[in-house]
Amino acid sequence: CSIPYGKALFFPLVNIEWDNVAVNPPQTIPEIRAYAKGVIDTVTELHATIDGVPVPNLSSYRVAAGPFAYVLPANDNIYQYFGLSVPGSDWPSTVVQPALSDGYWLFVNPLPVGVHTIKFGGTEGAPYNFSTDVTYTITVTP
């Protein structure tokens, strides 16, 4: 992708968002926070490099956020992709609240003009046993 010079980047290495969609009975905010924390507590590996240079101390970039609300499109939203009815019987509205997030996030200061490679990801343990390994080739334009 291309980005203009002077723009910073912000993205998750590994994260989770948790809410009450299709959860019966609904969880309290402390219960949602505890679930998200529990998942991220299982992270066993994080990695990130920018132009081949490792980013140090990735475990220090953990952030928990929320509660917050977000709006889904009425059609072709992520919950529908996974077979849930949103809006509908699983969640009556396109507004989801409360939601919370926990994870490891990377803020990258603006890069110089040119082509850059950013590689990042990590591994979560149970219950998701999820790994990600992403490579972005970014062209910073003048």
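D102 is buried, because its relative accessibility is 5%, under the 20% limit. This value, like the others here, comes from a predicted model. The side chain of D102 is paired with R62 in a salt bridge, with N and O 2.9 Å apart. The two partners lie 40 residues apart and join distant parts of the chain. R62 belongs to strand β5, and D102 to strand β6. R62 itself has 28% relative accessibility, so R62 counts as partly exposed.

R62 also meets D41 in a salt bridge, at 2.8 Å from N to O. D41 is partly exposed because its relative accessibility is 43%. K37 is partly exposed as well, because its relative accessibility is 43%. The structure holds three salt bridges. K37, D41, R62 and D102 are linked by salt bridges into a network.

The fold was then described as a whole. The protein contains two helices and eight strands. From the N terminus, the order of elements is β-β-α-β-β-β-α-β-β-β. Along the principal axes, the C-alpha atoms fill a box of roughly 50 × 30 × 25 Å. The protein has 142 residues, and 30% of them are buried.

Y128 lies in the loop between β7 (114-123) and β8. Its relative accessibility is 38%, so Y128 counts as partly exposed. Y128 and V39 are 89 residues apart in sequence. In space, their C-alpha atoms are 7.8 Å apart.

Rolling a probe the size of a water molecule over the atoms shows where empty space is left. The largest pocket holds about 440 Å³ of space. Its lining consists of 13 residues. Closest to the centre of this pocket are N15, I16, E17, E124 and F130. Two elements, β2 (9-19) and β8 (131-141), each give two or more residues to the lining. Strand β2 gives the most, with seven residues. By class, the lining of the largest pocket has nine nonpolar residues, two polar residues and two charged residues.

The second largest pocket has a volume of about 240 Å³. Its lining is made up of E17, W18, D19, V21, V23, I78, Y79, F82 and L84. The elements that give two or more residues to this lining are β2 and α2. Strand β2 again gives the most, here with three residues. Seven residues of this lining are nonpolar and two are charged, with no polar residue. The surface was considered last. F82 is placed in the loop between α2 (78-81) and β6 (95-108). F82 counts as exposed because its relative accessibility is 59%, over the 50% limit. I78, Y81 and F82 form a nonpolar patch on the surface. Together, these three residues have about 410 Å² of accessible area.

Technical notes
Residues numbered from 1 in each chain as written. Predicted model: local features only at pLDDT ≥ 70, side-chain atom pairs only at ≥ 80, totals over all residues. Heavy atoms only, no water. Patch = residues over 30% accessible without salt bridge, like charges linked within 9 Å, V, L, I, M, F, W, Y side chains within 5 Å. Areas by Shrake-Rupley, 256 points an atom, 1.4 Å probe, with all protein chains shown as cover. Salt bridge = Lys/Arg side-chain N within 4 Å of Asp/Glu carboxyl O. Helix = DSSP H or I, 4+ residues; strand = E, 2+ residues; numbered from the N terminus. Buried < 20%, exposed > 50% of the residue type's maximum accessible area, 1.4 Å probe, protein only. 1 Å grid on protein atoms, 1.4 Å probe; cavity = no way out; pocket = protein on both sides within 12 Å on 5 of 7 lines; lining within 4 Å. Points joined across faces, edges and corners; volume = space filled by probe spheres on them. Nonpolar A, V, L, I, M, F, W, Y, C, P; charged D, E, K, R; others polar.
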